[in-house]
Amino acid sequence: MAEDKLETVTLTERQKKAQRSRSIAIGVALAVLVVIFYIATIVKFGHNLSGRM
């Protein structure tokens with residue numbers, strides 16, 4: 001019953017292109033953050049690991 005009330009929106013080609021561009025930008029930003037956190041972790045814990053050996 002609830003499915004009968006759902007409305008769908010049809011995007012234009014311009015809107016689809018803008019949405020794809022935003023999705024790519026968000027994906028790139030997330031990848032950059034992951035790399036930054038990874039490097040920061042290596043730098044932070046790298047000193048501790050080198051002192052133990």
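Lysine 16 is partly exposed, with a relative accessible area of 42%; here buried means under 20%, exposed over 50% and partly exposed in between, using a 1.4 Å probe and protein chains only. This is a predicted model, where local features need pLDDT of at least 70, side-chain atom pairs count only at pLDDT 80 or more, and totals for chains, interfaces and linings use all residues. Residues are numbered from 1 along each chain as its sequence is written, and side-chain values use heavy atoms, leaving out hydrogens and water.

Which residue forms a salt bridge with lysine 16? Glutamate 13 does, and the closest N and O atoms are 3.8 Å apart. A salt bridge needs a side-chain nitrogen of Lys or Arg within 4 Å of a carboxyl oxygen of Asp or Glu. By this rule the count is one salt bridge. Glutamate 13 is exposed, at 61% relative accessibility.

Helices (H or I, at least four residues) and strands (E, at least two) are DSSP runs, numbered from the N terminus.

## Out in the open

How much of the protein chain is made up of buried residues? Buried residues account for 0% of its 53 residues. Isoleucine 26, for instance, lies in helix H1, which covers residues 13-52, and is exposed, with a relative accessible area of 54%.
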